[in-house]
Amino acid sequence: MCNSARFAHTLDGLKETVVIWSAELRRAVRSGRTVVLLGLYSMFSALVLLVVGWLAGEVRSAVAKQLEGAGADASASVQLNEEMRKGVLGFLTSNDSAMIEALAQVPLEVLIVFKITLFFLPAYIALMGFDQISGEVGPRSMRYLTVRARRSSVLLGKFLTQATLLLGLVLIIDLAIFIYARVANPDFSFAAMALNLLKFWLAAIVFSLAYVALTTLCSSLFRSPAVSLVFNFILLFVFWLMDTIGRASGDTGNLRFLRYLSPSYYASDLLHPGLAQFGASGAAYAVFAFVFLMAAYGILRARDL
């Protein structure tokens, strides 16, 4: 009897979460903020892609002119460009041979843009959802919602709304980047494009979940959306600093443990072909997301609405 009541309680909570999720998602899709955020993300990605593509073209042109002046044939130019590509790819993958082999068919422009956008993605997530909870708590409209639904359902529904919206926006941008790469690089086959698009999109989503949960936590801490946003940026800077200091300490420094406390540290293996490496990174981001969401729920549960 007790188990039946507990199951019914859980089922009711899931139904509430789905209703809130769908209602919030419809409202978010119709809002002007979604269009602005998509435009912001698109312009930033396009700017980075164009700059990286221009620099790559200039380097290739300079190399070709230098070899031509030295009397080298076309095969020498191709070989030198391939060596330069391997060098850049090794730098971006920390000389991991398995990753270098797995990403051999991906144009460097795509990989560099992915690395840069991944660095700025947490800030984009903070701008997207800084008021998801505080925007309801501040004007006290949250109390009308919690009368009809559990606080846990409200929290999870809003978290899933932001995660779903981000999933769609990232897919749109990644698709545009890979189409550009396909057009600009004829040797980049359609099969390789589709496979790597799925891989890069999945990596971005796994990376983003912890930061979406962090934004939910920051939004639950304060009644003012502006304060939530500022505090979110402060935490992002703290995590970045922890990762930087931990990496700089090497494998023997006293502060090397700090890197393990920062979500960004685990991003390096998200494109790894090995299931163990990718699974470890994915598990780390899942743990961060769970901790942030549990903290947000504890705060929201104790708050006087």
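Helices α3 (74–92), α5 (108–129), α9 (190–221) and α10 (225–248) each contribute at least two residues to the lining of the largest pocket. A pocket is here an open set of points on a 1 Å grid over the protein atoms alone, with protein on both sides within 12 Å along at least five of seven lines, whereas a cavity is a set of points where a 1.4 Å probe fits but cannot get out; lining residues have an atom within 4 Å of a point. The model is predicted, and local features need pLDDT of at least 70, side-chain atom pairs count only at pLDDT 80 or more, and totals for chains, interfaces and linings use all residues. Residues are numbered from 1 along each chain as its sequence is written, and side-chain values use heavy atoms, with hydrogens and water left out.

The chain has 11 helices and 0 strands, where helices (H or I, at least four residues) and strands (E, at least two) are DSSP runs numbered from the N terminus. Of the 305 residues in the chain, 41% are buried, the term standing for under 20% relative accessible area, with exposed over 50% and partly exposed in between (1.4 Å probe, protein chains only).

The volume of the largest pocket is about 850 Å³, a volume being the space filled by probe spheres set on grid points that are joined across faces, edges and corners. Its lining comprises 27 residues, and Phe119, Asp243, Arg247, Ser264 and Ala267 lie nearest the centre. By class, 17 of the lining residues are nonpolar, 5 polar and 5 charged; Ala, Val, Leu, Ile, Met, Phe, Trp, Tyr, Cys and Pro count as nonpolar, Asp, Glu, Lys and Arg as charged, and the others, Gly among them, as polar.

The structure also holds 1 cavity of 30 Å³ or more, and the largest cavity has a volume of about 120 Å³. This cavity is lined by 15 residues, with Tyr41, Phe114, Thr117, Asp174 and Ile177 nearest its centre. Two or more lining residues come from each of α2, α5, α8 (151–184) and α9, and α5 gives the most, with 6 residues. The cavity lining divides into 12 nonpolar, 2 polar and 1 charged.

Helix α9 is mostly covered, 23 of its 32 residues being buried. Its end C-alpha atoms are 46 Å apart, in agreement with the 46 Å that 32 residues should span at 1.5 Å a residue; the expected span is 1.5 Å times one less than the number of residues. At Ser208, α9 bends by about 30 degrees, the bend being the angle between axes fitted to the seven residues ending there and the seven starting there.

Aromatic pairs number 16, where rings of Phe, Tyr and Trp (its six-membered ring) pair if their centres lie within 6.5 Å, and planes under 30 degrees apart count as stacked, over 60 as edge-to-face and the rest as tilted. Phe222 and Phe231 form an edge-to-face pair, at 5.3 Å centre to centre and 70 degrees between the planes. Phe222 is partly exposed, at 26% relative accessible area, and Phe231 is partly exposed at 27%. The ring centres of Tyr266 and Tyr285 are 6.4 Å apart with planes at 80 degrees, so this pair is edge-to-face. Tyr266 lies in the loop between α10 and α11 (275–302) and Tyr285 in helix α11, so the pair ties together parts 19 residues apart in sequence. Both Tyr266 and Tyr285 are buried. One aromatic cluster is formed by Phe207, Tyr211, Phe239, Tyr260, Tyr265, Tyr266, Tyr285, Phe288 and Phe292.
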